[in-house]
Amino acid sequence: MGDKMVVVKLRPDAAVTFDRERLDQLYAELGRSGADDVISKAMEELAVRLAKVGNAHKKGDFPQVQKSARSMIAISDQIGMVTLARVAGAVNELAQSGDYVALAACVSRLVRIGENSLLAIWDHQGASL
């Protein structure tokens, strides 16, 4: 092979699921304007929490990783982001387990799932306009 090395960064595809019925329920309960406000605020908070999880993980601040992940679960559930809530739960559990290799992998997955979930919700909102 020689002395040439190729470095490849893998970025697996991260499919997401969200509960459309939960979103429809929000629209039915709050009306278009109210539901849009709730969803927009939730998405902003999720983006902030996603950054907090990543930064806390880089610093080795595992209690903050847990706190941010737990809040992501509640926010995700509110707007029907099923996959994101599940992965945030796994990050929360791994942050207390001491399995730092698995935690690093799961935090990376959480970031991918978080980004894809936010895009999926934006697409859903755009389709319902």
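## Helices and the predicted model

A helix here is a DSSP run of H or I that is at least four residues in length, and helices are numbered from the N terminus. By that definition, N92 has its place in helix α3, and the protein chain as a whole comes to four helices and zero strands. Read along the sequence, the pattern is α-α-α-α.

The model is a predicted one, and its confidence should be kept in mind while reading what follows. The protein chain averages a pLDDT of 86, with 84% of the residues scoring at least 70. Confidence is highest in α2, at a mean of 95, and lowest in α4, where the mean is 84.

## The chain as a whole

Of the 129 residues in the protein chain, 36% count as buried. The accessible surface comes to about 7,800 Å², and carbon and sulfur atoms account for 55% of that area. Among the contacts with a separation of 6 or more, 67% are made by residues 24 or more positions apart.

## The nonpolar core

The largest nonpolar core holds 32 residues, and those that touch the most other members are I39, L46, M72, I79, V91 and L110. Each of the helices α1 (20-59), α2, α3 and α4 supplies at least two residues of this core, and α1 gives the most, with eleven residues.

I79, one of those core residues, has its place in the loop between α2 and α3 (82-97). Its relative accessibility is 0%, and because buried means under 20%, I79 counts as buried. When residues up to four places away in sequence are not counted, I79 touches R22, L23, L26, I39, A42, M43, L46 and I121. The C-alpha atoms of I79 and L26 are 7.8 Å apart in space, although the two residues are 53 residues apart in sequence.

Helix α2 has 17 residues and reaches 25 Å from its first C-alpha to its last, which is close to the 24 Å expected at 1.5 Å a residue. Its buried residues are V65, Q66, S68, A69, M72, I75 and S76. K67, by contrast, also has its place in α2 but counts as exposed, at 52% relative accessibility. The C-alpha atoms of K67 and A56 are separated by 10.0 Å, and these residues are eleven residues apart along the chain. After α2 comes G80, whose phi is positive, near 80 degrees.

Helix α3 has 16 residues, which should span 22 Å at 1.5 Å a residue, and its end C-alpha atoms are 23 Å apart, in agreement with that expectation. The buried residues in α3 are T83, L84, A85, V87, A88, G89, V91, N92, L94 and A95. N92 counts as buried at 11% relative accessibility, and it touches Q66, A69 and R70, not counting residues up to four places away in sequence. G98 follows α3, and the phi of G98 is positive, near 85 degrees.

## The aromatic pair

What does a search of the whole structure find in the way of aromatic pairs? The search finds one aromatic pair. The ring centres of F62 and Y100 are 4.6 Å apart and the ring planes lie at 25 degrees, so the pair is stacked; the cut-off behind this step is that planes under 30 degrees apart count as stacked.

Because F62 lies in helix α2 (residues 62-78) and Y100 lies in helix α4 (residues 100-127), the pair ties together parts that are 38 residues apart in sequence. Y100 is partly exposed, with a relative accessible area of 45%.

## A position in helix α1

A51 has its place in helix α1. At 40% relative accessibility, A51 counts as partly exposed. The C-alpha atoms of A51 and V111 are 8.4 Å apart in space, while the two residues are 60 residues apart in sequence.

Note on methods: Residues numbered from 1 in each chain as written. Predicted model: local features only at pLDDT ≥ 70, side-chain atom pairs only at ≥ 80, totals over all residues. Heavy atoms only, no water. Phe/Tyr/Trp six-rings, centres within 6.5 Å; stacked < 30°, edge-to-face > 60°. Buried < 20%, exposed > 50% of the residue type's maximum accessible area, 1.4 Å probe, protein only. Contact = heavy atoms within 4.5 Å. Expected span 1.5 Å × (residues − 1). Areas by Shrake-Rupley, 256 points an atom, 1.4 Å probe, with all protein chains shown as cover. Core = buried A, V, L, I, M, F, W, Y, C linked by side-chain atoms within 4.5 Å. pLDDT = per-residue confidence, 0-100.
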